[in-house]
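Here are my notes for you to read alongside the picture. Have the model open and follow the points in order.

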Amino acid sequence: MAANPELRAQVEQAIEQNPVLLFMKGTPEAPRCGFSMRTVGVLEQVGVEYGAIDVLPILQPLREVTSELSDWETFPQLYVNGELLGGCDIVEEMFESGELAEALGVEQPASTEAAAAQPAPASDEPYQSPPMQIETN
Amino acid sequence: MIEGALPGAEVEVLDEGGGDHLRAIVTAPQFEGISRIDQHRLVKAAVRPRFDDGTIHALSLNTSAPG
């Protein structure tokens with residue numbers, strides 16, 4: 001069955017208008033599948049703004065559209081600057097290698113573990129001399 | 001099935017739940033120089049019949065070129 005041309009046009013427009021666009025099951029606040037949840041988690045760690053589309057209400061017609069557009073039918077799908085980067089696996093792999101931050105034009109977060117483990121950066125506050133000491137003879 | 005479509009590939013398949021959520025770790029010379037998404041497309045095409053007949057519900061992939 002050919003993909004619905006109206007839906008395809010809408011999808012193409014969304015991909016064009018959003019530098020980072022995630023097709024996912026559910027919403028970023030309430031993902032409805034583990035893979036979608038993990039992809040949202042990665043995007044949040046990288047700290048980039050992104051558009052999100054819940055595919056569940058239009059799942060089958062949308063599969064037909066993305067199959068035609070990108071030869072890919074499973075979700076989540078992350079599009080960056082108009083191109084399909086991949087699903088959850090690829091996004092996670094690229095995040096760990098630093099390729100995702102590069103593709104998104106942002107700085108790689110210092111650590112993929114909790115930020116609390118990071119050592120404090122060197123201070124550039126002016127040197128403060130110790131409080132005056134008064135010697136009593 | 002993957003080895004059939006990609007001769008020379010090293011494939012490891014893990015069951016991640018229920019027999020129909022699988023993870024395939026594939027290293028294949030055919031992956032050299034192509035994007036991850038294209039690597040995944042090759043594997044997906046190889047296992048297509050299992051998706052179509054419902055044997056596989058979800059397939060996680062880790063692909064890489066050898067060396």
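1. Helices (H or I, at least four residues) and strands (E, at least two) are DSSP runs, numbered from the N terminus. This is a predicted model, where local features need pLDDT of at least 70, side-chain atom pairs count only at pLDDT 80 or more, and totals for chains, interfaces and linings use all residues. Residues are numbered from 1 along each chain as its sequence is written, while chains are lettered from A and ligands numbered from 1 in the order in which they are written.

2. Now look at α2(A) (residues 34–46) and α4(A) (residues 88–97): their axes come within 9 Å and cross at roughly 25°. α2(A) and α4(A) are therefore roughly parallel to each other (angles under 35 degrees count as that).

3. Next, find α3(A). Its buried residues are L62(A), V65(A) and T66(A) (buried takes 20 or more other C-beta atoms within 10 Å of a residue's own, exposed 12 or fewer, partly exposed in between; C-beta atoms are placed from the backbone). They cover an arc of only 90° around the axis, so they sit on the same side of α3(A).

4. D71(A), which follows α3(A), isn't a glycine, yet its phi is positive, near 55°. N81(A), also not a glycine, has a positive phi of about 50°. The peptide bond from F75(A) to P76(A) is cis, with omega near 15°. Most residues other than glycine have a negative phi, and most peptide bonds are trans.

Note on methods:
Arc of directions from axis to C-beta. Axes fitted to C-alpha atoms, helices over the stretch in contact; angles between N-to-C directions. Parallel < 35°, antiparallel > 145°, perpendicular 65-115°, else oblique.
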